[in-house]
Amino acid sequence: MQTLTNLKTNLSFEDFKAEVIADYKIAIESRECSLLGRREVLTGKAKFGIFGDGKEVPQLAMAKAFLKGDWRSGYYRDQTFMMAIGELTKEQFFAGLYANTDIELEPMSAGRQMGGHFVTHSLNDNGSWKDLTKQYNSSADISPTAGQMPRLLGLAQASKIFRNVEGINKTNFSINGNEVAWGTIGNASTSEGLFFETINAAGVLQVPMVISIWDDEYGISVHAKHQTTKENISEILKGFQRDKDNKGFEILRVKGWDYANLIETYQEAGAIAREEHVPVLIHVTELTQPQGHSTSGSHERYKSPERLDWEAKHDCNAKFREWIIESGIATNETLTEIDRAAKREVRQAKNNAWNTFLKPIKKEHQELISILKQVTSVSVNSVFISKIIDNLTTINEPTRRDILSNARKALRFTIGESHNEKQLLSNWINDVITDAQPKFSSHLYSETSRSNTLIKEVKPTYDDDAQLVDGRIILRDNFDAIFNAYPEALVFGEDTGNIGDVNQGLEGLQEKYGELRVADTGIREATIVGQGIGMSLRGLRPIAEIQYLDYILYALQIISDDLATTHYRTKGKQKSPLIIRTRGHRLEGIWHSGSQLGGILNLTRGINLLVPRNMTKAAGFYNTLLQGDDPAIVVECLNGYRLKEKLPNNLGALKTPIGVVETLKEGSDITLVSYGSTLRIVEQVAKDLLAVGIDAEVIDVQSLIPFDLNHDIVKSLEKTNRVMIIDEDIPGGASAYILNEILNTQNGYQYLDGAPKTLTAKAHRPAYGNDGDYFSKPSAEDIFEAVYAVMHEVNPTDFPKLR
């Protein structure tokens with residue numbers, strides 16, 4: 001696209017007018033979509049609505065500066081922008097509102113997110129990358145306010161990496177790092193810490209991103225005076241303004257209804273970011289929100305009559321219309337006809353989307369009624385089933401829930417009956433569920449050949465005279481092999497670069513591979529993860545280091561809401577194979593203690609959660625992950641860096657399988673299940689138990705998510721008939737998760753002769769010092785006595801009471 005000035009210079013006036021009129025048409029159609037969309041929610045056809053009305057004109061300007069190869073990380077009011085770049089049609093808008101599960105008809109999320117959440121497709125059906133330099137790109141939106149900001153940082157940083165790091169294959173991903181990452185956020189959401197953390201990090205990193213703040217003075221019902229110091233976000237960010245002596249941001253301000261100045265401002269911002277790799281903030285003021293925040297309420301409740309009058313006069317579409325007429329570009333009559341045509345076209349698009357959405361559901365509706373009529377002809381409870389038929393017949397616009405709920409209720413009335421019609425109904429229900437469930441549940445993880453669980457194991461191999469070295473040496477040398485083999489791999493975090501991480505697992509690698517590939521960051525965990533998400537979306541292979549496990553809580557919202565759902569909420573059309581490296585387990589004291597695992601594993605479905613017991617296993621996990629497409633968290637054992645391990649001769653090639661447990665000691669009396677540093681204690685206790693006649697089988701979980709895909713623990717239970725999970729996490733945390741997997745997922749309960757046992761840490765975080773550790777987490781004596789107590793119950797004669 002060209003600037004308004006260039007349009008005037010390089011095009012005839014007729015062509016210039018056509019460009020402006022085309023923009024006006026998009027703005028009006030987008031507004032009509034918002035207005036009609038709200039009605040659809042209020043009539044019950046859609047569940048919830050949040051729309052982009054009032055933000056149309058600045059989004060048109062942004063679209064003109066947005067080039068192929070660029071990326072967007074925005075929020076749920078950017079529909080006009082998506083329409084302007086040709087990535088959202090009117091029918092797709094309504095298909096999203098109705099939650100159509102067909103990815104071809106509803107390409108934003110196949111009905112997995114509410115309308116207003118936008119995405120473009122980065123992947124082919126087989127999971128391979130499309131050429132992202134030849135298309136407009138939008139990362140998948142999330143609803144949490146300011147949650148899009150950390151990812152924006154990474155999308156922009158990728159351009160810096162592509163421009164400045166040699167050896168990376170840029171094909172499909174970048175043209176010399178010329179791509180800009182464009183972010184959008186509402187003014188109220190700038191109150192979030194994620195916004196300020198991202199602003200600071202972008203200023204430090206100097207990356208090509210443009211942040212648009214749509215400012216309509218409100219956050220739902222709360223005025224800016226309660227949101228922002230001085231009621232002006234760009235005013236309080238003035239300290240970030242770059243000058244001739246200091247790097248920083250370029251900060252621009254423009255009124256949201258001023259079409260000509262908006263276009264020039266966005267062209268300027270795009271040029272600065274693209275050419276100079278400088279972040280730019282555009283504060284777009286005097287915007288309105290004509291329908292209020294969402295369909296959950298009316299803005300008349302909290303805006304004064306004076307404010308509402310001002311909004312009517314300063315509506316960006318109305319002001320755009322005035323400007324067009326005053327400039328002689330079009331007459332009132334011409335624009336009125338465009339307005340009328342927009343209403344007709346949007347209404348038709350809405351009808352088409354609704355009818356397309358309903359068609360397969362109505363087919364199932366009629367199929368069920370036909371089957372139920374057959375059932376009534378033979379069932380002794382036909383009178384009750386007939387009532388269900390009557391109820392179904394009155395539903396003109398059914399949902400799948402309506403259909404299946406009634407079908408399953410009808411099936412209850414055939415309990416105890418045996419006839420073909422009952423089987424026909426049962427089969428129909430099974431078929432519908434089998435067909436429908438994946439529409440809502442698929443693609444939590446990669447479903448291609450690059451799924452992490454399909455990467456084959458490569459065991460470590462050793463020279464005959466293999467050295468015993470500190471575990472950190474194995475990690476260091478394996479990372480060296482990784483960075484040598486994968487130019488697109490990079491690692492970053494607090495103390496990661498210059499000193500080679502606090503435990504020296506990256507010792508000397510910054511000097512060898514440079515400050516962009518082995519980088520230090522500030523203390524800002526959320527944007528460390530955001531850097532990784534954004535760069536992984538653009539084809540790089542980032543490793544984001546969170547110094548200790550408890551610090552991951554600062555980033556848990558981003559990990560849970562963004563990273564864990566990327567593949568799912570795009571139905572496999574985007575992937576973010578970020579590796580998060582951290583360390584925990586058995587450290588003394590409340591912090592860094594590993595007690596967060598129960599929360600982490602229950603908030604991060606969609607991410608592999610890996611808990612290697614030593615550094616050889618950890619190195620193997622990193623090598624496996626770089627061959628796959630699923631994101632992962634690797635929790636290294638903090639007290640294992642100085643423990644001695646044999647040095648493998650195939651570092652960089654060895655691979656630890658994901659979702660596979662390992663039996664470290666076979667036994668016949670009881671199965672002991674654990675992981676990480678606690679496993680070392682269990683191994684020692686197993687030797688002590690032998691001395692009193694108890695032969696325990698010891699199994700290392702290795703991978704919490706996914707868990708024991710081969711069901712090897714159940715195979716152990718078939719032999720021992722007893723199980724105990726030993727875990728340093730709190731009661732009901734990871735131990736409860738493991739127990740549920742064994743008993744319910746693997747049906748291990750059927751092999752047990754007694755109650756399954758868990759031995760965990762106390763409910764509080766561990767107290768400080770050696771004594772604090774001893775009284776807070778399972779000790780060797782705790783484990784020995786707990787196992788002995790189980791055997792005492794089984795055979796009190798051979799195992800008399802201990803204490």
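Visitor: How do α12 and α13 lie to each other, roughly parallel or roughly antiparallel?

Guide: This is a predicted model, in which local features need pLDDT of at least 70, side-chain atom pairs count only at pLDDT 80 or more, and totals for chains, interfaces and linings use all residues. Helices are DSSP runs (H or I, at least four residues), numbered from the N terminus, and the axes of α12 (residues 332–376) and α13 (residues 382–393) come within 9 Å and cross at roughly 160°, where axes are lines fitted to C-alpha atoms over the stretch in contact and angles run from 0 to 180 degrees between N-to-C directions. Because angles over 145 degrees count as roughly antiparallel, α12 and α13 are roughly antiparallel.

Visitor: How many residues in the contact of α12 with α13 are charged?

Guide: Residues of α12, including His-365 and Lys-373, meet residues of α13, including Ser-382 and Ile-389, with contact meaning heavy atoms within 4.5 Å. Asp, Glu, Lys and Arg count as charged, Ala, Val, Leu, Ile, Met, Phe, Trp, Tyr, Cys and Pro as nonpolar, and the others as polar. The contact residues divide into 8 nonpolar, 5 polar and, as charged, 1.

Visitor: What is the volume of the largest cavity?

Guide: A cavity is a set of points on a 1 Å grid where a 1.4 Å probe fits but cannot get out, and a volume is the space filled by probe spheres set on the points. The structure holds 4 cavities of 30 Å³ or more, and the volume of the largest is about 90 Å³.

Conventions: Residues numbered from 1 in each chain as written. Heavy atoms only, no water. Helix = DSSP H or I, 4+ residues; strand = E, 2+ residues; numbered from the N terminus. Parallel < 35°, antiparallel > 145°, perpendicular 65-115°, else oblique. 1 Å grid on protein atoms, 1.4 Å probe; cavity = no way out; pocket = protein on both sides within 12 Å on 5 of 7 lines; lining within 4 Å.
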